[in-house]
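Please have the sequence and the 3D view open as you read.

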Amino acid sequence: MENDKHSTRYLVLIDNGYDRGTPALCQVFSRPLGEQQDRHYVNVCANPLVARAVCSLFFLLQVLAEPAGNPDFSLAGDYLLGGLFSLHANVKGIIHLNFLQVPKCKEYEVKMLGYKLMQAMRFAVEEVNNRSGLLPGVRLGYAMVDTCYVSNNVQPVLYFLAREDDFLPIQEDYSHYVPRVVAVIGPENSESTMTVAHFLSLFLLPQITYSAISDSLRDKQRFPAVLRTVPGADHHIEAVVQLLLHFGWNWIVVLVSSRYNSHLLSERLAHRDICIALHEALPMPQPNQAATPRERRRLRAIVDKLRQSSARVVVVFSPDLALHNFFREVLRRNFTGAVWIASESWAIDPVLHNLTELRHTGTFLGITVQAVPIPGFSEFRVRSAQARPPASNRTSLRATCNQECDTCPDTTESFNSILTLSGERVAYSVYSAVYAVAHALHGLLGCSQTNCSKDVVYPWRLLQEIKKVNFTLLGQHIFFDQHGDLPMPLEVIQWQWDLSQNPFQSIASYQPTQRQLRVTRTVSWHTPDGAVPVSKCSKDCQPGQKKKSVGIHPCCFECLDCLPGTFLNKTEDEFDCQPCPSNEWSHRKDTSCFRRRLAFLTWRDTPTLLVAMLAALGFLSTLAVLVIFWKHLQTPMVRSAGGPMCFLILTPLLVAYTMVPVYMGPPTVSTCLCRQTLFPLCFTVCISCISVRSFQIVCVFKMASRLPRAYGYWVRYRGPYVFVALVTALKAVIVVCGLLVTPTSPTVRADPNDPKVMVVFCNPNYRKGLLVNTSLDLLLSVAGFSFAYAGKELPTNYNEAKFITLCMTFYVTSSISLCTFMSVYEGVLLTFLDLLVTVLNLLGISLGYFGPKCYLILFHPERNTAAYFSSMIQGYTMGRD
């Protein structure tokens with residue numbers, strides 16, 4: 001450090017790390033200290049690297065201060081707007097910063113759209129100045145600089161931030177600092193916009209970009225001064241995704257530049273079940289657009305993969321300059337039949353559109369901002385190009401470098417027709433940005449209809465006013481949302497090569513506020529039959545077929561039929577068939593279930609009618625037996641058959657016959673109760689009476705003499721009736737326990753032979769219930785059979801072994817057969833067989849036991865006398881002796 005009498009300016013720079021090697025301004029150029037104070041200097045020679053940087057940047061600002069006047073780039077005014085446009089393009093990088101030199105943009109290829117957008121800013125500023133009511137008495141000016149796409153970003157910012165004397169003082173508070181411009185329009189791409197924003201945000205200098213769509217710019221903690229007149233990347237990607245969904249494309253190729261972050265796109269596609277078959281990064285070209293051998297090999301490899309892929313839709317997110325060599329390779333390799341979907345960076349690029357051979361490669365669609373015609377702009381642009389600005393005069397105007405484009409008018413003139421027919425797209429974004437600043441100035445300066453105050457405008461105050469603007473411009477509502485974005489509608493355009501039509505024909509519109517795409521025009525597909533191209537990894541499954549993934553992509557699958565009993569609900573799950581509810585069924589490949597048919601015995605079934613007729617026959621025959629026995633109650637035949645006990649058998653038989661109708665129709669709680677209580681009890685009473693009757697006959701003829709005392713008790717206390725009562729009570733307990741364990745309400749079960757049928761049962765455990773109900777009856781049947789067999793040698797009139805054996809044998813065999821059939825079958829036939837077996841058993845008792853006796857009573861009355869029975873007993877007694 002040393003003192004000096006001369007005023008001193010010094011410079012401090014740091015690397016902010018945002019733009020590789022791009023220096024960020026921290027404090028630039030202090031004002032000289034007072035004459036009475038010590039002056040301090042930075043000893044730049046202490047470090048050679050620092051010395052080189054300081055000296056080079058000092059030289060840089062000296063260059064920036066050199067005049068280079070050009071009326072296309074600057075216009076004097078009360079308040080200046082800064083403009084950053086890509087008139088020339090160098091997408092390869094910022095090699096010049098290795099030497100801290102200002103790039104010479106005119107050495108690169110002309111970017112025609114950038115020149116058109118610069119003319120839009122000129123037109124807007126002149127139109128505002130000519131409008132008497134917006135800023136009366138105030139004249140807007142502009143200073144525009146060529147950014148060479150990404151190469152020349154820092155130098156114009158220094159130029160805009162410096163004051164009119166080209167110096168930017170070091171201050172603790174910049175609230176009252178007035179830079180050269182009040183706002184900056186631009187630059188074009190997101191990368192350059194972020195670099196510029198890091199500088200301008202330190203001063204809260206309003207920056208309105210017209211085509212940078214990166215969602216990172218929505219972060220107002222990092223970029224508090226950035227606003228946009230275009231929707232963000234989120235809406236552009238949403239429009240692309242909805243376009244893919246509209247045409248049913250779920251198998252696509254994604255090509256991006258090395259500068260593009262495709263994470264948001266991949267995430268959004270995955271959420272909509274759109275698969276990326278191929279994802280490749282395009283090489284960035286050299287500044288002179290010549291492809292190196294390595295880049296050519298890379299492009300050939302990408303095109304080869306496109307040819308081999310089954311995907312026919314190619315989504316390209318890349319700068320236009322990175323696509324020239326790529327599409328030349330596509331044409332050279334004769335790759336055709338694709339649908340190309342362009343991002344906003346090249347969707348309306350006239351240079352690429354000028355490659356008319358591209359029409360043979362497929363259909364070109366693109367996402368871009370809505371076209372808003374600007375009255376008079378096309379004429380202004382053509383007139384300005386034809387006027388030819390005067391040659392640069394470095395002695396007349398204070399300007400900066402890269403404010404020249406000698407070849408721009410000639411280059412633009414050859415594209416005047418296509419620019420005019422296309423509706424001057426994107427120009428409105430620049431046009432509305434200028435008007436947003438003008439309306440903010442109108443409010444900040446307190447303008448009336450006749451004049452404005454022309455007060456000092458501080459950037460931070462203007463930024464607040466711009467965020468609050470709300471006006472209508474050419475039918476469009478202009479305002480900025482909480483993220484600083486203008487929700488302008490987007491359009492899907494199709495490239496046309498008919499010289500008499502709009503080269504970028506709108507086919508659909510997208511509303512950011514509604515997040516909805518609406519197709520407004522039929523697409524002219526470049527296919528042999530004019531049909532919509534198909535781009536799917538697998539064909540759509542037929543209705544009722546589920547998808548089975550093949551590989552890692554959910555879009556690649558094979559189709560499998562849904563099995564019977566299942567259906568496919570695509571809204572719930574396309575990869576798994578859903579089972580039908582228990583009371584429903586479905587056929588193979590069904591998309592819904594139908595109610596199963598309930599199966600039960602009905603009066604319309606022929607077998608059921610036959611069983612009902614048998615039951616009616618049994619009822620009538622039993623009733624006839626009851627009448628016969630009642631009339632011949634005192635005869636020996638009736639008394640030998642049991643006397644009054646016969647009525648105890650016949651009465652339950654009649655009740656059982658009357659219960660047959662409860663088996664018909666759909667089961668109810670009442671019919672189920674009848675089936676599970678009355679039938680078992682009635683049959684048990686009959687079997688117990690027959691069993692005790694067999695025992696009593698054997699006891700009279702064979703045991704009375706051996707056990708006279710026991711026989712006396714048996715007769716005295718009415719042993720047969722006591723036995724029947726006890727057995728009936730035991731049966732009642734079994735039945736009640738069964739009702740408590742199992743529900744009485746009807747249940748359904750699928751028929752195993754016909755799943756479309758649901759069999760209605762009274763007892764869900766029908767098999768176990770039948771076994772429990774018949775177990776006691778089977779024991780009584782075996783006992784009755786045993787006693788009847790023991791009395792086979794008794795007198796003929798008392799020998800009932802044949803009849804009882806017939807009845808009991810039939811009952812045992814039918815019950816065993818029914819239980820066996822139940823173990824292998826569960827259909828409605830079980831109910832029918834249960835009813836049939838029950839009726840046949842009842843008939844066996846009615847006709848097998850009582851039938852022969854009625855026959856003798858009616859047709860052989862001579863055998864129904866006391867003398868006949870006495871002779872038979874005497875013969876049996878004499879035979880035993």
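Glu 238 is buried, with a relative accessible area of 3%; here buried means under 20% relative accessible area, exposed over 50% and partly exposed in between, with a 1.4 Å probe and protein chains only. This is a predicted model, in which local features need pLDDT of at least 70 and side-chain atom pairs count only at pLDDT 80 or more, while totals for chains, interfaces and linings use all residues. Residues are numbered from 1 along each chain as its sequence is written, and side-chain values use heavy atoms, leaving out hydrogens and water.

**Salt bridges**

The whole structure holds 25 salt bridges, each a side-chain nitrogen of Lys or Arg within 4 Å of a carboxyl oxygen of Asp or Glu. Three of them are set out here.

| Pair | Closest N to O |
|---|---|
| Arg 272 and Glu 238 | 2.6 Å |
| Arg 228 and Asp 485 | 2.8 Å |

In the pair Arg 228 and Asp 485, both residues are buried. Arg 272, by contrast, is partly exposed at 31% relative accessible area, and Asp 561 is partly exposed at 27%. Shared partners join Asp 234, Glu 238, Arg 268, Arg 272 and Arg 515 into one salt-bridge network.

**Helix α6**

Helices (H or I, at least four residues) and strands (E, at least two) are DSSP runs, numbered from the N terminus. Arg 268, a member of that network, is also one of the buried residues of helix α6 (residues 263–271), together with Leu 265 and Leu 269. Seen down the axis of α6, these fall within an arc of 100 degrees, so they line one face of the helix; the arc is taken from the directions from the axis to the C-beta atoms. His 263 and His 271 are exposed on the face turned away from the buried side. The buried residues pack against α5 (233–246), β11 (251–257), β12 (275–282) and β13 (313–317). After α6 comes Asp 273, with a positive phi near 60 degrees.

**Nonpolar cores**

A nonpolar core is a set of buried Ala, Val, Leu, Ile, Met, Phe, Trp, Tyr and Cys residues joined through side-chain atoms within 4.5 Å. The largest one has 129 residues, and those touching the most other members are Met 121, Leu 135, Phe 326, Phe 327, Trp 340 and Leu 462. Helix α13 (residues 427–444) gives the most to this core, 13 residues. Apart from it lies another core of 53 residues, including Val 625 and Phe 647.

Note on methods. Contact means heavy atoms within 4.5 Å.
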